[in-house]
Structure formats: structure tokens, C-alpha cells
Amino acid sequence: MCGIVGYIGPQDATPIILNGLKRLEYRGYDSAGLAVVENSHIEVRRDVGKLSRLAALVGEAPVHGHIGIGHTRWATHGEPSARNAHPHIGMTGDVVVVHNGIVENYLELREELIAEGAVFNSDTDTEVIVHLVERYLSDDCGLPEAARKALGHLKGAHGIVLLSSREPDKIVTARIGNAGGIVIGLGEGEMFIASDLPAILEHTRRVVFLESRQIAVVNREGLVVKCLDGMPVNYQVHTVAWDPIAAEKGEYRHFMLKEIHEQVRSLTDTIAGRVDFEDGRVRLPELRLTAAQAGRIQKIFITACGTAAHAGMVGKVLIEHIARIPVEVDIASEFRYRNPIVDPNTAVLAISQSGETADTLAAMEEARHKGAILWSIVNAIGSQAMRIADGFISMQTGPEIGVASTKAFTAPLVDLYMLAILLADLRGTLDAKTRRQYLSDLRLIPDLVGRCLDREEQAIAVARTLKDTSHCLYLGRGINMPIAYEGALKLKEISYIHAEGYPAGEMKHGPIALIDRTMPVIVLAPRDPWYDKMFSQIQQAKARGGMVVAVATDGDTLIPNESDHILWVPETPWLLSPVVTVIPLQMLAYHIAALRGLDVDQPRNLAKSVTVE
Ligand code: AGP
């Protein structure tokens, strides 16, 4: 969950590290620090709070050098404080480490190290790493070998970067398991290291991703990669196409708002090149799905967390309706522990914006172990979830920085729609006329989403009414039931208002007791096959005095009679309606949080990539 940056080269490392951290601040943001080798001596600056505090500290006590590492923290062990902020320096003052992950056996290692004479200066698990490295350092054993030996003791999953002022010509970095990636950027006579691509894309597009249990020694001219057991590795250099400008806020006050407004483009890009409208066919070559494979699939599990899981719930309706394959949606943290019934005729599809979510990766491992066909829908290029799958669909949304996921929710809805059509086509269960109709419906989506975005004022007006509420109930049914979950999640994570999403039909089985005039009820009631049922649900809420905000289709004449506010959406083919109905709810959550003066992009206690269990 933490952000890591490293630099070695002819430039001043400090501004490169600070800029890189700025682009990763969304990953963790309770404290930050950097270490730079200045005149053969390691200088550390670190502080609690946001990166601006570290930048101010560096302004007061500048530090310059050609090799350095930095970190933004999301606390796991030890409260957010200056002493627990990374980097952590060893007792010699010569070795320093930044780390992402949890050292699961740190208590045991700490006791061992204390018995050997180590003195700890923080409450973190990370500090054991630097003491372990120092245990092995000697005249005959330099940093790379000492690090390799030390890392062999760690349990858990980690991304680690180390440097030593005695060997200022190199940085050592390693990845163990799925605690987030390590990416090494190749420059001309300079090298960059990061936990995530946005930190280094302004410098280079040529990158190497470390796999689990690999360690790299990086100098100005290049890198050597080995497995932790010492075996050499032939690494692959990838060229990344992401535009670094896409990771800037531009004219928008928050990344979240920018990303909401980017959805016309991201959805256009999602469709572009994947649909042959002439031929009426879907092409997803990276999924590597053959007709034979499609024919033998008897069941699909979709596994994911949070917003990605809500996309999966819509996917269930799409795949079951279009391809007639049974689909189960499992929250990844549950799937991995419940011994699911999976065999080689089962496909397991993981959905993840970051491609680094520990629970999702563990669910994928479980699926792999059980012999399933393993797919992923992922945004972060080169991430673990993309690499370990048999086939993947890449989201085409560009980097998503706001912690609250928006454009990385609507893109997979379209990906799942295309996947459903492809599966049905390959299994021969979809006639050409229907297939063409589905695809021509898809063509409408960017424009329909654009029309929703043009109605931001209606979301702002409702946000003004709701900004001081303490609770909110979101109701939906059928394909729009997951949008109730998603609308509630968006609201609670950025505004800290308690919100619950519920299948509308369940309301009478309990939640209806909550409804009175102080309880806003947000109802998804577009013109879909569940419309009549939703209409009676609205009447039931209204009859109990609830304040009803309805998401309704343009031209609806019934719903205004029963609602206090309407968020109008344009008429949309029902299978694609969630792509449209979620837009006003994203805008509503954003404006409520903004009106409450909250930090929309970096809400408390959250991080963009959840790389711990
Ligand atoms: C989304 O708004 C949330 N911040 C969160 O639920 C997120 O969707 C979840 O952690 C999964 O992340 P992933 O897509 O990167 O796997």
C-alpha cells in the first residue's frame, strides 16, 4: 500500500524522488521520507503527515546527491509518526531501507536481533530488514549478497529497496510475493525504481518488472536480476504506452472529478479496436480464448474486491443473460479461504484496477492451484494480475489516481459485456442479428455517458440537500442492484456518511424499518426489466416518509410524482444501463464530499492499492 521511489544517476536525486512520491501519494499518505547519499553519508528526512510536510522539511534542510530512495507510508505496524516513517537506517548509519508489505515473522526476528545487540528505533516491522542486512555485511559480503541472505529470513510479501553509503554505485531491490510490484525504469546513464509506474513514466517508458522472489542490483548503466536462490534471470524490457500527462489533475480540483469526466474517453478507448462493427464481432486477443476453450467452460467465478467486485456483479447478469454460462461472484478475500469447487472446466476471472490487490492475487493463486482457466481484467499495465493470468483484458482507462474508483468501474462493465458476447459467439449460442444489435448498442455508450456528465448541475443540487445527512440507503434491482452497492460505497468512502446498498426487494425484510423523513433513499429506477418492481419500491419508501432521490430515465412521467429529487439519465439499452446509472451517483458522492470540505482524493484510512491482507 506504500509508495516507493529510487534513483541513481547524474541528476539530483531529491527532486526526482519527491516528484515520484507525489505521483504515488495516493497509495499511502500518513507519513513520508527519503534518504540520499550526500558526501558519502546517508541523509534521512522523514515526517508524519502528507508529502507536503516532507517537501517542507527538505526545503528547510536541503539534501542533494545522485543516489536516493523515498517512501510514502500507509501504516500497518506502529502509529503514523516521524520515527515510524520510512526510510529506516541501520545501526552503522551506512544502510537504509524502504519497504512495502508486512514482515509476518517480525516479532521473532526482532527478538533474535535484539539478542544479537541490535537497537530498534521504530515500532515498525520494516526495521528488522535493515538490521538483518547489517548482520551479513562484511568485507567479503557486500550489499547485494547481504540483502539476498537477509531477505531469505522474511515471511510474508514484500517490495524492498536498499542502499548503502559504502557502495554508492548501486541500489538493491527485491520483490517477494504479492505486496505490490517493483518496477525498474531504464534511462540513459540513469535508473529509476518505483512501486508503481506513474512515479517514473515522466523519465522513461522502458521498464522491467520484478517477479516474485527476484532481486535486482541496479547501477547507472543497467541491472542484474537474480532469483533469491542466486540463479541468474533473463529479464524482459517492456515499453509502456501510458501518457504521464494523464496522471496530472489539470483544470480539475480533484483527480476523482477529472476521472469521472474522463469516462467518455476511457469508454471510447475501451471499445476501440475491440469491436469490428462491420463484421459484428468482438476481438479480445489478449484473452487468448479459443472456441474449444469457450465450449468446455461450465462455470465462471468472478473474484474481486470493493468496486471491482461490484463490476463483477453486473458481469454475472451480463454473462448469464448473453452467454448462458452460470457465474458466481466471490469477494476475493472469501474465495481464497472457502475451498471453492473449481476444476479445469471452470474459468476464474479476477477484476482489479491496480492488479496488485493482495486478496485478489491470492484468489488467483487459489484458482491456479485448482487448475482453473485464469483470466483478469486489469488497469495497471504489467501488474501481477495481468502477468499471472492465462489471458487478460486491459482496461484502457489510463492511470486512476483518486482513491475512489470511477473510470476503472465503468471500463470493466464494458469489458464484461464484450466478454459475454465473445463467449456466446464462440459457443455458437448467439445469433448474428442479436450479436450485431448488442454491438450497435455498445456504440452508443460514450455518448450516453457524456450526456450524463453534462448534467452535473443536477447532482450538485441534490448534493446540497444531502450534504449534512448522516445516513443514506441505496436501492437497486437486477442489473442495477450492484449500482446501489457501488453508489453507497462511493459515498461512504469519501464523505464518511454511513451508506448502505441493498437489493430493493429485500427492503421489506428489514431495512424498511430505518425509513423515516430523515433517511434519504436513493433509488435506481431506469427503464429496465425491473422498472415496475422498482416503482412500487419507491411508493413503499415514500409511504414511510422517506426522502426519495430517484435515478430515472428521461421522459418518465410516473417517478416524479413519487420522488423528491430526480437524477435524470438518458434512455439506454438495459444491459448497458449500469454504465449510465452509476455516473450521477459518482458525481453525487463527489459533490457531497467536496461540499463537506473533505480530502476527496485521499480519504482517511484508505489507500489506492491494498497490498496487505
Ligand atoms: C474503490 O472506490 C475502492 N477504493 C476499493 O473498493 C477498490 O475498488 C478495491 O480496493 C479493489 O481495488 P483493485 O481494483 O485495485 O483491486
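Predicted model: local features only at pLDDT ≥ 70, side-chain atom pairs only at ≥ 80, totals over all residues.
**Entry 1: ligand shell**

I began with the residues around the ligand, of which there are 15. Ser-352, Gln-353, Ser-354, Thr-357 and Glu-493 come nearest. I then sorted the shell by class and got six nonpolar, seven polar and two charged residues. I also looked up which helices contribute to the shell around the ligand. Helix 9, residues 306-322, supplies at least two residues, and so does helix 17, residues 481-495.

**Entry 2: polar atoms at the ligand**

I next looked up distances from ligand oxygen atoms to N or O atoms of the protein. For Ser-352 the protein atom belongs to the side chain, and the distance is 2.6 Å. For Gln-353 the atom is in the backbone, 2.7 Å from an oxygen atom of the ligand. Ser-354 again uses a side-chain N or O atom, with a ligand oxygen 2.7 Å away. How much of the ligand's exposed area does the protein bury? I noted 420 Å² for the ligand taken alone, 90% of which is buried by the protein.

I traced an open sheet of eight strands with antiparallel pairing, and wrote down its order as 3-2-4-1-10-9-11-14. Which strands stand at the edges of this sheet? They are strand 3 (41-48) and strand 14 (238-239); each has a single partner strand, so one side of each has no neighbour in the sheet.

Inside the sheet I checked strand 1, residues 3-8, against strand 4, residues 67-73. The two pair in the antiparallel sense over six bridges. One position I noted is Gly-3, whose bridge partner in strand 4 is Thr-72.

I then looked for helices on this sheet. Helix 1 (residues 13-24) lies across strand 1, strand 2 (31-38), strand 4 and strand 10 (191-194), and I recorded an angle of about 155° to strand 1. Helix 2 (residues 51-60) also packs on the sheet, where it touches strand 2, strand 3 and strand 4. The direction of helix 2 makes about 135° with that of strand 3.

Asn-219 has Gly-222 of strand 13 as its bridge partner. How many residues join strand 12 to strand 13 in the hairpin? I noted two residues.

**Entry 3: backbone details**

I ended with two loop residues. The peptide bond from His-86 to Pro-87 is cis, with omega near 0°. I placed Pro-87 in the loop between strand 4 and strand 5. Arg-213 has a positive phi, about 65°, although it is not a glycine. I placed Arg-213 in the loop between strand 11 (206-209) and strand 12.

Conventions
Residues numbered from 1 in each chain as written. Heavy atoms only, no water. Near = heavy atom within 4 Å. Polar contact = N/O pair within 3.5 Å; in protein donor to acceptor, adjacent residues only side chain to side chain. Areas by Shrake-Rupley, 256 points an atom, 1.4 Å probe, with all protein chains shown as cover. Helix = DSSP H or I, 4+ residues; strand = E, 2+ residues; numbered from the N terminus. Nonpolar A, V, L, I, M, F, W, Y, C, P; charged D, E, K, R; others polar. Pairing = 2+ DSSP bridges. Contact = heavy atoms within 4.5 Å. Axes fitted to C-alpha atoms, helices over the stretch in contact; angles between N-to-C directions.
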